[in-house]
Amino acid sequence: MSAITTKFVTDHKLTNETSLEELSQYAPGILELLTTGTPLVDKEKRRQARNRLQKGYEFSKEQAFALIPHERIGRSKSQVTSKEGGDVNICLASDTTLEGETIKQTAQRIIKDKLSEKDVKAISRALVETSSDHVVALSRLSRLRRELRTLNTSEKMISATLNPEITRSSNKIQKERSEKRKNEGIDFPDHFSLESVKERLDLYDVSNTPDKQALADVMIMLCIRPAEIKNLRITNGGVTGYAKNRGQQDNPRVFRSLEKNEERAKKLLTWIQEAIVSGQLRDPGKLGSSYLSTFLKKDEFIPKPYKPLLPSSLRKLGSVFASVVHSAKNLSEANTFASEALRHSPDNHASPSDRYTIVNFRRRGQPYDQARAFKLSDEN
């Protein structure tokens, strides 16, 4: 197991500084290497691999389990004891399945097989137990509720997925992570400075085949989440197809972008989307994909001793760059520009700065130690 783990960690440049979110994206890949099909053997291989991560690479326990969860991600029969008593046969499901059920398919099976409220509670507990942490668990439960609502399931069945303890724990963890992000901020190399990204965007010829660099630049330009790259649309000053609209009507959000010209932004977005559909580019939003993460870890993009950018960092850079390019005159306008670039709901009155605009901003060529934390909530 030592050789498999060592090679995987080395090939993907994983360290004990890698976030839990990113490590979980690599779980399907390493689990595939550690799976033989014999449950007891697979369990021991996973245990040995986690030990190697903790002792050989100084991973925390949470990091080891984020990369190598308890269960192989996929479809397997399991006996889960319900609080009402008795065992319920269920198929464990994960957001990042290699094979078997996705959460969407689980929701469809609940309806098709007319599963009971007791069954749904058992499935929900299984999703929690196979998650790397409570943040991931809450995300899975929320996804299951959304899928059930889409299928017009009764509120009684949807309520069976609620877990107040997991919600409280997840909120606490996310608050702690947010506080940590406030203190750290995101550093970026000259290659991803505002000036460099804007220059490349201006020079791209949409008649050519785009590469991963173009994909990253367009994601910065429109503050795109990987999951919405294929569905985002720009029309008449509005943007639709955005993620996290909670199953609500897809009302257009204001177009605000690093690229001010709407038609040019639309052409660049369509250019990338068509390349993904044709297979010229991989879909960075595909579950378990490390396509973009691997690209961002190229040595020339990582100024030591700084950490590499994550796919989620591109969206945050884009919100700051958009606010700078549109020359906000005051704090209120800066917050407005950032919120519009991020396509936040107009009903969301929280400042975007705490989660999205904590970037150690500097101009291209400016020394890193002269970078200033870009916090829109900072009165200065």
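## Glu199 and Arg364

Glu199 has a relative accessibility of 40% and therefore counts as partly exposed. Its salt-bridge partner is Arg364, with an N to O distance of 2.8 Å between the two side chains. This pair joins distant parts of the chain, since 165 residues separate Glu199 in helix H11 (residues 194-203) from Arg364 in the loop between strand E6 (359-361) and strand E7 (372-374). Arg364 is also partly exposed, at a relative accessible area of 37%. The model described here is predicted.

## Arg256 and Glu340

A salt bridge connects the side chains of Arg256 and Glu340, again with 2.8 Å from N to O. Distant parts of the chain are linked here as well. Arg256 lies in the loop between strand E5 (253-254) and helix H13 (262-278), while Glu340 belongs to helix H16 (residues 331-341), and the two are 84 residues apart.

## Arg149 and Glu155

In the salt bridge between Arg149 and Glu155, the closest N and O atoms are 3.8 Å apart. The pair counts because the cut-off is 4 Å. Arg149 is partly exposed, at 44% relative accessibility. Glu155 has a relative accessible area of 48% and is likewise partly exposed; the exposed class begins over 50%.

## Network and total

Salt bridges also form a network, which links Glu117, Lys121 and Lys156. Over the whole structure, the search finds 16 salt bridges. In general, side chains of opposite charge can pair when their charged atoms come close.

How values were computed:
Residues are numbered from 1 along each chain as its sequence is written. This is a predicted model: local features need pLDDT of at least 70, side-chain atom pairs count only at pLDDT 80 or more; totals for chains, interfaces and linings use all residues. Side-chain values use heavy atoms; hydrogens and water are left out. Buried means under 20% relative accessible area, exposed over 50%, partly exposed in between (1.4 Å probe, protein chains only). Helices (H or I, at least four residues) and strands (E, at least two) are DSSP runs, numbered from the N terminus.
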